[in-house]
Amino acid sequence: MEKELNIKNRKASFEYTLLDRYVAGIQLKGTEIKSIREGKAAIGDAFCFFEKGELFVKGLHVTEYGKASFYNHAPLRDRKLLLQKKELRRITNAFGEGMAIVPLKLFINEGGWAKLEIALAKGKKQYDKRETIKKRELQRNLGRKIK
């Protein structure tokens, strides 16, 4: 049994207020999917952008596959995200209104396909971040008192 792959962007919920979530496929090369299955990917610095009506992710770091020869991939290349047209239109409209598109989680589904969970997000102000920290501290302290 394979270990479950679940690469998360932990900073996203702290830096942004997450609104709508979507699951997108990723257009990958052969050596990229092999590296992702080994868990050698990072999405901490990744972000999404539009180019010619298509959605791409930039900054998704997929380490080169160790057993590949000269057919290896570039670790930081832009990768196309695969969504339905209706979802793309909805995201395009929100993106035009000043929202960000943030990658949240990279995972492999039951069918063996690499998927990227993305969210429409608004950037948090400094006082919103402080409020998030206060809530987290309160939850942590409540959890300690119960045990």
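**Close-up views of a predicted model**

Arg 89 is exposed, its relative accessible area being 53%, where exposed stands for over 50%, buried for under 20% and partly exposed for what falls in between (1.4 Å probe, protein chains only). The structure is a predicted model, in which local features need pLDDT of at least 70 and side-chain atom pairs count only at pLDDT 80 or more, while totals for chains, interfaces and linings use all residues. Residues are numbered from 1 along each chain as its sequence is written, and side-chain values use heavy atoms, with hydrogens and water left out.

**View 1. A patch of positive charge on the surface that includes Arg 89.** Arg 89 has its place in helix 3, which covers residues 85–96; helices (H or I, at least four residues) and strands (E, at least two) are DSSP runs numbered from the N terminus. On the surface, Arg 89 gathers with Lys 85, Lys 86 and Arg 90 in a patch of positive charge. Such a patch is made of residues with over 30% relative accessible area and no salt bridge, like charges being joined within 9 Å, and the place of a charge is taken as NZ of Lys or CZ of Arg.

**View 2. A network of salt bridges that links Arg 21, Lys 105 and Glu 117.** A salt bridge here is a side-chain nitrogen of Lys or Arg within 4 Å of a carboxyl oxygen of Asp or Glu. Glu 117 is buried, with a relative accessible area of 12%, whereas Lys 105 is partly exposed at 25%.

**View 3. The salt bridge between Lys 58 and Asp 78.** In this pair the closest N and O atoms are 3.4 Å apart. The bridge links distant parts of the chain, 20 residues apart, with Lys 58 in strand 5 (residues 54–58) and Asp 78 in the loop between strand 6 (61–62) and strand 7 (79–82). Lys 58 counts as partly exposed at 35% relative accessibility, and Asp 78 likewise counts as partly exposed, at 29%.

**View 4. His 61 and the residues that it touches.** His 61 lies in strand 6 and counts as partly exposed, with a relative accessibility of 30%. When residues up to four places away in sequence are not counted, His 61 touches Lys 40, Ala 41, Ala 42, Pro 75 and Leu 76, contact meaning heavy atoms within 4.5 Å. The C-alpha atoms of His 61 and Gly 44 are separated by 8.8 Å, although the two residues stand 17 residues apart along the chain.

**The setting of the four views.** The protein has 4 helices and 9 strands, which follow the pattern β-α-β-α-β-β-β-β-β-α-β-β-α along the sequence. Its C-alpha trace spans about 55 × 40 × 25 Å along the principal axes, and 33% of its 147 residues count as buried. The structure holds 10 salt bridges.

Note on methods. Patches are made of residues with over 30% relative accessible area and no salt bridge: like charges are joined within 9 Å, nonpolar side chains (Val, Leu, Ile, Met, Phe, Trp, Tyr) within 5 Å. Accessible areas come from the Shrake-Rupley method with a 1.4 Å probe; for residues, only the protein chains shown count as cover. Lys and Arg count as positive and Asp and Glu as negative; His and the chain ends are not counted.
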